Amino acid sequence: MPDLVVSITLFVLALLIGIEVIGKVPATLHTPLMSGANSIHGIVIVGVVIVAAEAQTPLAYVFIFLAAVLGTMNVVGGYVVTDRMLEMFKSSKPSRKDEKEGDK
């Protein structure tokens with residue numbers, strides 16, 4: 001039982017710290033921040049795998065499943081957002097090299 005209390009306390013503290021950190025970021029930086037969050041959530045998924053090896057109770061499996069699903073969603077979402085950001089910076093005009101080749 002004491003292990004469960006410690007685990008829940010750590011989980012709640014991590015939630016509060018995460019909310020506090022994200023809450024202080026201006027809205028204009030949320031998209032670049034999502035891109036940077038990929039590495040953090042990748043670490044979360046590695047932690048889930050490590051904790052899953054030690055899990056013994058059904059409640060632990062529920063928390064492991066939730067952490068794995070939410071971490072995976074954030075990693076995939078980060079890559080999607082990063083891809084969209086990179087698409088915005090691609091030029092739609094043909095380059096000078098392409099124009100010269102077209103003239104030949």
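A residue counts as partly exposed when its relative accessible area lies between the buried limit of under 20% and the exposed limit of over 50%. F63 falls in that range at 35%, so F63 is partly exposed. The model is predicted, and its chain has four helices and zero strands. Mean pLDDT for the chain is 77.

**Overall make-up**
- Along the sequence the elements follow the pattern α-α-α-α.
- Of the 104 residues in the chain, 11% are buried.
- The accessible surface is about 8,600 Å², and carbon and sulfur atoms account for 71% of that area.
- Taking contacts between residues at least 6 apart in sequence, 67% join residues at least 24 apart.

**Helix α3**
- Helix α3 covers residues 58-89, a run of 32 residues.
- At 1.5 Å a residue α3 should span 46 Å, and its end C-alpha atoms are 47 Å apart, so the two values agree.
- The buried residues in α3 are I64, G71, V75, G78, T82 and M85.
- An α-helix has 3.6 residues a turn, so residues three or four places apart point the same way.

**The aromatic pair**
- One aromatic pair turns up in a search of the whole structure.
- The pair is F11 with F63; their ring centres are 5.6 Å apart and their planes meet at 45°, so the pair is classed as tilted.
- F11 sits in helix α1 (residues 2-23) and F63 in α3, so the pair ties together parts 52 residues apart in sequence.
- F11 is partly exposed, with a relative accessible area of 44%.

**UniProt annotation**
- The unreviewed UniProt entry places the feature "transmembrane region" at residues 6-23, 35-53 and 59-81.
- Residues 6-23 are 100% helix and 0% strand in the model, with end C-alpha atoms 25 Å apart.
- Residues 59-81 are likewise 100% helix and 0% strand, and their end C-alpha atoms lie 33 Å apart.

**Confidence**
- A pLDDT of 70 or more is reached by 74% of the residues.
- Among the elements of the chain, α3 has the highest mean pLDDT, at 83.
- Helix α4 (residues 96-103) has the lowest, at 58.
- Where pLDDT is low, the predicted coordinates should not be read in detail.

Note on methods. Residues numbered from 1 in each chain as written. Predicted model: local features only at pLDDT ≥ 70, side-chain atom pairs only at ≥ 80, totals over all residues. Heavy atoms only, no water. Helix = DSSP H or I, 4+ residues; strand = E, 2+ residues; numbered from the N terminus. Expected span 1.5 Å × (residues − 1). Buried < 20%, exposed > 50% of the residue type's maximum accessible area, 1.4 Å probe, protein only. Phe/Tyr/Trp six-rings, centres within 6.5 Å; stacked < 30°, edge-to-face > 60°. UniProt positions renumbered as here; feature names shortened; annotations may be inferred. Contact = heavy atoms within 4.5 Å. Areas by Shrake-Rupley, 256 points an atom, 1.4 Å probe, with all protein chains shown as cover. pLDDT = per-residue confidence, 0-100.
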